[in-house]
Amino acid sequence: MFQAAVTKYLKRTNHSNLAIKAVLFDMDGVLFDSMPGHAKSWVEAMAAYDLPFTEYEGYLNEGRTGITTVNYGFNKIFQRNATAEEFQGIYALKTALFEKYPKAKRIPFSFELAEKIKAQGLDRLIVTGSGQKSLWGMIESNYPNLFDTSRMVTSLDVTYGKPHPEPYLMGLEKASVEAWEAVVIENAPLGIEAAVAANIFTIAVKTGILEEKVLHDAGADLVFSSMEELYRNWVAFSEKYM
Ligand code: CA
């Protein structure tokens, strides 16, 4: 299963080998079970501006920066982008609504996976489209000594954001590795597209309401049905390609 996926990856990227030195982690839906709160707060914030938006759309658009999500909502109904004022209003509301939801917990087995990756001597970096600062503050308390937040890529660092490869290309740069020396762990289609476009081996994990097919169709090199399944297969996969 792994060998076929890697062979396919090498073919699509023209790389001659996969030699893992770093693992780039997405944050929402990979490290934290924060997507239910994000999706619900997007639905409520858009509704306040008469923009119909479903939780499923929240999951489908996951990984976009705030501005592109708001513009998605506006273009669908009004065929135009939001004004700066509209964007600021909706995004401030969305951020405030998100804070009302219970603090997101860790995705089960993400901590154990990150520990295992650290023990293997591999570097670990977070690449997120999020600008939700309350979550950044939770990284060290939930994942002590596992991630260096000073090297994190966030919505503040990027111009385009996912699904553009930019955030993952920036992640490679911050980790000082080439595309064939990294692996991405993602849970959302646009994040998968971004990682694939950056020519990085992309592992998708189903942690939310989107069907596994959606993750396959986005181009993931491997898809796992849960973080636990990835955790249990990680060593068998990674040790062949380190
Ligand atoms: Ca995500």
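1. How do the residues of the lining of the largest cavity divide into nonpolar, polar and charged? They split into 5 nonpolar, 14 polar and 7 charged.

2. Ground rules. This is a predicted model, in which local features need pLDDT of at least 70 and side-chain atom pairs count only at pLDDT 80 or more, while totals for chains, interfaces and linings use all residues. Residues are numbered from 1 along each chain as its sequence is written, and side-chain values use heavy atoms, with hydrogens and water left out.

3. Method for empty space. Rolling a probe the size of a water molecule over the atoms shows where empty space is left. The grid is 1 Å, over the protein atoms alone. A cavity is a set of points where a 1.4 Å probe fits but cannot get out. A pocket is an open set with protein on both sides within 12 Å along at least five of seven lines. Lining residues have an atom within 4 Å of a point. Points are joined across faces, edges and corners, and a volume is the space filled by probe spheres set on the points.

4. Largest cavity. The whole structure holds 2 cavities of 30 Å³ or more. The largest has a volume of about 260 Å³. Its lining counts 26 residues, and D28, H38, W42, G63 and R64 are the closest to its centre. Two or more lining residues come from each of α2 (35-47), α4 (66-78) and α5 (84-100). α2 gives the most, with 3 residues. Helices (H or I, at least four residues) and strands (E, at least two) are DSSP runs, numbered from the N terminus. Both domain 1 (2-34 + 106-238) and domain 2 (35-100) supply at least three residues to this lining. Those bounds come from an automatic or database domain assignment.

5. Second largest cavity. Its volume is about 40 Å³. The lining is Y59, E62, N187, K206, T207, G208, I209, L210 and L215. By class, that makes 4 nonpolar, 3 polar and 2 charged residues.

6. Calcium site. Which residues coordinate the calcium ion? The donors are D26 (OD), D28 (O), E62 (OE) and N187 (OD1), at 2.1 to 2.3 Å. Their spacing in sequence is D-x1-D-x33-E-x124-N. Donors are N, O and S atoms within 2.8 Å of the metal (3.2 Å for Na, K and Ca). Water is not among the atoms, so the site may look incomplete. D26 and D28 are both buried (under 20% relative accessible area; exposed is over 50%, partly exposed in between; 1.4 Å probe, protein chains only).

7. Helix α9 (residues 189-197). This helix is mostly covered, with 7 of its 9 residues buried. The buried ones are P189, L190, G191, I192, A194, A195 and V196. Their cover includes α1 (2-13), α3 (55-60), α8 (166-175), β3 (182-186), β4 (201-205) and α10 (212-217). Just after α9, N199 takes a positive phi of about 65°.

8. Largest pocket. The volume is about 230 Å³. Of the 14 lining residues, F98, Y101, P102, K103 and A104 lie nearest the centre. α2, α5 and α7 (133-142) each give two or more residues to the lining. Domain 1 and domain 2 each provide at least three of the lining residues.

9. Second largest pocket. About 180 Å³ of space lies here. It has 15 lining residues, with T65, G66, I67, Y91 and S155 nearest its centre. α4 gives the most, with 3 residues, and α5 supplies at least two. The lining has 6 nonpolar, 8 polar and 1 charged residues. At least three come from each of domain 1 and domain 2.

10. N81. Beyond four places away in sequence, N81 touches N71, F74, N75 and E86 (heavy atoms within 4.5 Å). N81 and M170 are 89 residues apart in sequence and 27 Å apart in space, C-alpha to C-alpha.

Note on methods:
Ala, Val, Leu, Ile, Met, Phe, Trp, Tyr, Cys and Pro count as nonpolar, Asp, Glu, Lys and Arg as charged, and the others, Gly among them, as polar.
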